[in-house]
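Trainee: I've just opened this one and I'd like to learn how to read it. Could you walk me through it?

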Amino acid sequence: MEAAMGLMRRIPPKHTETALSALLSLLPEHSSDLLSQVDQPLQVLCDMESGKEFILCEYNRDADSYRSPWSNKYHPPLEDAPQPSLELRKLEVEANEVFAIYRDQYYEGGISSVYMWEDENEGFVACFLIKKDGSKTGHGRRGYLQEGAWDAIHVIEVGPEEEEIVQYCLTSTVMLTLTTDNESSGSFNLSGSIRRQMSMKLSVSEGHLCNMGKMIEEMEGKLRNSLDQVYFGKTNEMVCTLRPPAELVQMKLPDT
């Protein structure tokens, strides 16, 4: 299992589904652990009742059905499927509305979904998802990429309240894939994933949504900086070393 998880951490996100399917065939006894621990590129389904798209993941799935955060119904329909409590459902609805505004401001489009459920420690868990298609046909497109996707998964474990203080544990994963294909830059493919964790004890005087929103905003800033430094920074360094710009080559040539 440890070797399988190590392998999955090194697989490009666009090949995750194929690699996971192969591992499930090789290690059927670890299927539940693999499905719960391996983050896959997010898929999207349309809620016909509300007319809105929502994101599919392990956190809103039961059997082969997925719960929509907009209508609170499973697609396809499923009897006796788990549902959040009325109080938590109210918070979930508000979170989806607020997170949609956050998504539009930071991502200029895309799709977002928020799911919440009770845990065994008298608290609850919230999952915030964003999928941004950056390809030429994608949502909020600018047309720079032949293919491109940004999948962000934020899972926050919210502990029970003690003297108006709550422990929040955030685990965030970002999967990035991009491909260019034009005359000026040629063909280029870059993909990878990054995961980080954060824990904070905060007062609930401003509400759970405010606290969770601040943590996600801070974490996404750190993840973007890490991706910029690790993926783009290192790639740029390697390319410039192997194929230095013409101006740099000209400067290094000795005068004749």
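Mentor: N72 is buried, with a relative accessible area of 18%; buried means under 20% relative accessible area, exposed over 50%, and partly exposed in between (1.4 Å probe, protein chains only). N72 sits in the loop between strand 4 and strand 5. Helices (H or I, at least four residues) and strands (E, at least two) are DSSP runs, numbered from the N terminus.

Trainee: What is the phi of N72?

Mentor: Here's the general idea: most residues other than glycine have a negative phi, and most peptide bonds are trans. N72 is not a glycine, yet its phi is positive, about 65°. E163 is another non-glycine residue with a positive phi, about 55°, and its place is the loop between strand 8 and strand 9.

Trainee: Is E163 buried or exposed?

Mentor: E163 is exposed, with a relative accessible area of 80%. While we're on backbone geometry, look at H75 and P76: a cis peptide bond joins them, with omega about -10°. P76 belongs to the loop between strand 5 and helix 4.

Trainee: Where does this model come from, and how far do I trust it?

Mentor: This is a predicted model, where local features need pLDDT of at least 70, side-chain atom pairs count only at pLDDT 80 or more, and totals for chains, interfaces and linings use all residues. Residues are numbered from 1 along each chain as its sequence is written, and side-chain values use heavy atoms, with hydrogens and water left out. The protein has a mean pLDDT of 85, and 91% of its residues reach 70 or more. Among its elements, strand 6 (residues 111-118) has the highest mean, 96, and helix 6 (residues 246-252) the lowest, 59.

Trainee: How do I check a helix, say helix 4?

Mentor: Compare its span with the expected one, which is 1.5 Å times one less than its number of residues. Helix 4 (residues 86-107) has 22 residues and so should span 32 Å; its end C-alpha atoms are 31 Å apart, which agrees.

Trainee: What do the buried residues of helix 4 pack against?

Mentor: Those buried residues, including L88, F99 and Y107, pack against strand 4 (65-67), strand 6, strand 7 (124-133), strand 8 (147-158) and helix 5 (208-242).

Trainee: And how do I read the strands?

Mentor: Look for pairing: two strands pair if DSSP finds at least two bridges between them. Strand 6 and strand 7 run antiparallel and are joined by eight bridges; I111, for instance, has K131 in strand 7 as its bridge partner. Their hairpin has five residues between the strands, and E122 there takes a positive phi near 65°. Strand 7 also pairs with strand 8, antiparallel, over 10 bridges, with V158 in strand 8 as the bridge partner of F124. Strand 7 is mostly covered, with nine of its 10 residues buried.

Trainee: Which strands form an open sheet?

Mentor: Three strands do, in the order 3-4-5, with antiparallel pairing. Strand 3 (61-62) and strand 5 (74-75) are at the edges with a single partner strand each, so one side of each is left without a neighbour in the sheet. Strand 4 and strand 5 are joined by two bridges, and R67 has Y74 in strand 5 as its bridge partner.

Trainee: What about the inside?

Mentor: In soluble globular proteins, nonpolar side chains tend to be buried together. A nonpolar core is a set of buried Ala, Val, Leu, Ile, Met, Phe, Trp, Tyr and Cys residues joined through side-chain atoms within 4.5 Å. The largest one here has 35 residues, and M116, F124, F128, I156, Y168 and M212 have the most contacts inside it. Its largest share, eight residues, comes from helix 5. A second, separate core of 14 residues includes I55, C57, C127 and I153.

Trainee: Which residues does Y168 touch, beyond its neighbours within four places in sequence?

Mentor: Contact means heavy atoms within 4.5 Å. The contacts of Y168, with those neighbours left aside, include I156, M198, H208 and M212.

How values were computed:
pLDDT is the predictor's confidence in each residue, from 0 to 100.
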